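Here's a quick walk through one model, from strands to pocket to charged pairs. Keep the structure open while you read.

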Amino acid sequence: MNLSIGIVGLPNVGKSTLFNALLKKQQALVANYPFATIEPNIGVVPVHDERLEKLAQIVQIEHKMSEIPPIIYATVKFVDIAGLVKGANEGAGLGNKFLSHIREVSVIAHVVRVFEDPNVIKEGSVDALNDYKVVRTELELADLEKGGEPLAQKPELVVLNISESQYNTDSIDKILGEYSKTLEVSKDKIIVISAQIEAELAGLSEDEQKEYLKGLGLEKSGLERLIQKAYEELGLISFLTAGVKEVRAWTIKKSSTALEAAGEIHTDFMKKFIKAEVVTYEDFIELNGWKGSREHGKTRLEGRDYIVKDGDIIEFKIGS
């Protein structure tokens, strides 16, 4: 299924800096003036999943392949949506365009800047609470005037953009507590990041990124935590497939059935579904693949109503 996250907020709060970090290249026009981002920039970002690398190694050994099979990660579509200002619902700034693009995303990542930078213009921005309320108010007013799907009810995550000097575990915990109260938003719906540090991380190799984060006392980057939160907010999980052609993660809703999971691969799989052969990720790794898992009785054949769990490795049995 397609997961899309719309990055929103007042102009110059760090949206495009964050977006560029996501794409690991400068694709959004980052400029220091309002409405630099005229059209929504869309970027499809892989969701890194360490389980796939381990699965690929197992498949390579089991099938005596000269190299590991292709790894295909689940993806998230990020949309960098043009800056919003007060009066957007009446068409101010790029208001109408902003609102139509918000309708199209699964979840809103609302970026709020919580540090001062004299070098950056803050269009119509006062403080974190006011900035947050401006965007929320515009969504609510748009709902009243335009009808359709209620934008204010869309799942929302608040992304607090902090300075590089604040980016350590102690400061992050303190800021999380403080702004959860100030904005009246539950802690589990807030992610604290430094867009500038994310941009710096994007230019490093994977090993260098890990070292950099370790130095800050962090395990995951802000972007990884944002994607993880989006999965949680939308109630998504991944099931895995592991074969010689590819090792892949597929995104589905929690409580999806085996039949629905099959349809995620191809709609024909739903029509011709017979059974799903399932093994847990842990058993598959411990027993070195499908052969070992079958020999030890760890695989099982499930019917169309089986509820798929996160990390299930599945091979679908399909009729002709």
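## Strands around E4

Start at Ser 4, which stands opposite Lys 77 in E4. One thing to keep in mind is that this is a predicted model. The two residues belong to a pairing in which strand E1 (residues 3-8) runs parallel to strand E4 (residues 75-80), with five bridges between them. E4 has another partner in strand E2 (residues 41-46), and here the sense is antiparallel, over six bridges. In that pairing, look for Pro 46 opposite Thr 75 in E4.

## The largest pocket

Next, the open space. The largest pocket comes in at a volume of about 1300 Å³. It is lined by 38 residues, and those closest to its centre are Val 47, His 48, Asp 49, Lys 220 and Glu 224. Several elements give two or more residues to the lining, among them helix H1 (15-23), E2, helix H2 (50-62) and strand E8 (236-242). Which helix gives the largest share of the lining? That's H8, with six residues.

Asp 49, one of the residues closest to the pocket centre, forms a salt bridge with Arg 51. Asp 49 counts as buried because its relative accessible area, 12%, is under 20%.

Arg 51 also turns up beside Ser 238: leaving out residues up to four places away in sequence, Ser 238 touches Arg 51, Tyr 231, Ala 249, Trp 250, Thr 251, Lys 309, Asp 310 and Gly 311. Ser 238 sits in strand E8 and is buried, at 6% relative accessible area.

## Charged pairs

The structure holds 13 salt bridges. Here are some of them, with the N to O distance for each:

| Salt bridge | N to O distance |
|---|---|
| Arg 51 – Asp 49 | 2.9 Å |
| Lys 317 – Glu 315 | 3.1 Å |
| Lys 271 – Asp 268 | 3.7 Å |

Lys 271 and Asp 268 both lie in helix H10 (residues 267-271), three residues apart, or about one turn of the helix. Is Lys 271 buried or exposed? At 66% relative accessibility, Lys 271 is exposed, whereas Asp 268 is partly exposed at 31%.

Methods: Residues are numbered from 1 along each chain as its sequence is written. This is a predicted model: local features need pLDDT of at least 70, side-chain atom pairs count only at pLDDT 80 or more; totals for chains, interfaces and linings use all residues. Side-chain values use heavy atoms; hydrogens and water are left out. Two strands pair if DSSP finds at least two bridges between them. Helices (H or I, at least four residues) and strands (E, at least two) are DSSP runs, numbered from the N terminus. On a 1 Å grid over the protein atoms alone, a cavity is a set of points where a 1.4 Å probe fits but cannot get out, and a pocket is an open set with protein on both sides within 12 Å along at least five of seven lines; lining residues have an atom within 4 Å of a point. Grid points are joined across faces, edges and corners, and a volume is the space filled by probe spheres set on the points. Buried means under 20% relative accessible area, exposed over 50%, partly exposed in between (1.4 Å probe, protein chains only). Contact means heavy atoms within 4.5 Å. A salt bridge is a side-chain nitrogen of Lys or Arg within 4 Å of a carboxyl oxygen of Asp or Glu.
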